[in-house]
Amino acid sequence: MTLKKGILDPQGEAVKNALHTLGYGNIDEVRVGKYVVLTLQDSSDSEALKNTVEEICKKVLTNPVIEDFSFEIVEG
Amino acid sequence: MKTFGIIVLPGSNCDSDCFYAVRDYLNQDAQYVWHEERNLDKYDVLMIPGGFSYGDYLRPGALARFSPAVDALVKEAEKGKLVVGICNGFQVLTELGLLPGALMRNKNLKFICKYVDVQVENAHTPFTSRLKMGQTIKLPVAHKDGNYYVDEDTLQQLKKNGQVVLRYSEDVNGSVDRIAAVTNRQGNVVGMMPHPERACDPLLGSSDGMYILGSMLDHLLKGGF
């Protein structure tokens, strides 16, 4: 989950400035996001799983006004 | 006597401030409403106080909307009841979608706790009728996530509809257009980062918050919109 493109990310800016201070002058931009791991029950219906995860991302995990998300489903 | 219901979410911490402001300064009936309450019919006004509901986990205000009382509050808001969200309450109202926009981390990444000057952008609301257009009042802010964001199109709509109620006189937290308070399109729901309930006695540095609370009372006494 990350802030949408074009929305100021003050945390990312602060991290970028710290990296510059440490001498990593070649960093142009830092965007800070969040990573969530969901463990779902076994299902053979991968389409349904995908829909469920997408719905959870939209309804709960992100605020669509300011955030984007992407996800992948892998076998545990 | 009008009844103000103050929603107490797990992690609310300005509920007592609201309670005393309403009871002792506005001289109205203040009642705490536990977040598991499902019927909010009897209240004339609903307030979501400041604090850190649900520990601000995920995003400030994000988890509060799953409380039964908040669910009931949405239904009351849709009926036209006055709803006020202060600070964390404002964050809850934007997360609910009752108010446009979102509140992001302050531009300087710091928790800002101080008195600020705010200007009245619309004096024709149930929350500002005791004020004049352009009037400056002094209210405290105390937040880390008060950086109000709306996209450009929405901002233009808000301005056109008179939904921007208060603006900071100077940039405080990076908010778009220095917005400090907005209403919904219907005008019965307001969210604000400054704390009027903490500014009801000159002893505390300002009593300008009474303009806001008093305006709401006037609105109720004249029978609504």
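Q: What share of the contacts in chain B with a separation of 6 or more comes from residues 24 or more positions apart?
A: 76% of them. Keep in mind that this is a predicted model.

Q: What does the secondary structure of chain B come to?
A: Five helices and 11 strands.

Q: How does the radius of gyration fit a compact globule?
A: Chain B has 16 Å. A compact globule with 225 residues would be near 17 Å, so the two agree.

Q: And what box do the C-alpha atoms fill?
A: Roughly 40 × 40 × 35 Å, along the principal axes of chain B.

Q: How much of chain B counts as buried?
A: 52% of its 225 residues.

Q: Where does B:Cys87 lie?
A: In a loop of chain B, with strand 4 (82–86) on one side and helix 3 (88–96) on the other.

Q: What does B:Cys87 touch beyond four places in sequence?
A: B:Cys14, B:Gly50, B:Ala142, B:His143, B:Met193 and B:His195. B:His195 is also on the UniProt list.

Q: Now B:Glu197. Where is that one?
A: In the loop that links strand 11 (189–192) and helix 5 (209–221) of chain B.

Q: Why does B:Glu197 count as buried?
A: Because it has 30 C-beta neighbours inside 10 Å.

Q: And what is B:Glu197 in contact with, leaving aside neighbours within four places?
A: B:Cys14, B:Asp17, B:Cys18, B:Ala21, B:Ile86 and B:Gly209. B:Cys14 also touches B:Cys87.

Q: Back to strand 11 of chain B. Which way do its residues point?
A: B:Val189 and B:Gly191 point one way. B:Val190 and B:Met192 point the other way. All of these are buried.

Q: How does strand 11 run against strand 4 of chain B, parallel or antiparallel?
A: Parallel, with four bridges joining them. B:Val84 stands opposite B:Val190 there.

Q: What about strand 10 of chain B against strand 11, parallel or antiparallel?
A: Antiparallel, joined by three bridges. Strand 10 spans residues 179–183. B:Ala181 has B:Met192 as its bridge partner.

Q: How many residues lie between strand 10 and strand 11 in the hairpin?
A: Five. In the turn, B:Gly187 has a positive phi of about 90°.

Q: What about strand 1 of chain B, how many of its residues are buried?
A: Five of the six, so strand 1 (residues 3–8) is largely enclosed by the rest of the structure.

Q: How many bridges join strand 1 to strand 2 of chain B?
A: Six, and the strands run parallel. Strand 2 covers residues 29–34. B:Gly5 stands opposite B:Gln31 in strand 2.

Q: Last topic, chain A. How many of its residues are in contact with chain B?
A: Eight, against nine residues of chain B. On the chain A side, six are nonpolar, two are polar and none is charged.

Q: What pLDDT does chain A average?
A: 93, and 100% of its residues score at least 70.

Q: Where in chain A is confidence lowest, and where highest?
A: Lowest in helix 1 (residues 10–21), at a mean of 93. Highest in strand 2 (residues 67–68) of chain A, at 95.

Technical notes
Residues numbered from 1 in each chain as written. Chains lettered and ligands numbered in written order. Predicted model: local features only at pLDDT ≥ 70, side-chain atom pairs only at ≥ 80, totals over all residues. Helix = DSSP H or I, 4+ residues; strand = E, 2+ residues; numbered from the N terminus. Rg over C-alpha atoms; globule rule 2.2 N^0.38 Å. Buried ≥ 20, exposed ≤ 12 C-beta atoms within 10 Å, placed from the backbone. Contact = placed C-beta atoms within 7 Å. Nonpolar A, V, L, I, M, F, W, Y, C, P; charged D, E, K, R; others polar. pLDDT = per-residue confidence, 0-100. UniProt positions renumbered as here; feature names shortened; annotations may be inferred. Pairing = 2+ DSSP bridges.
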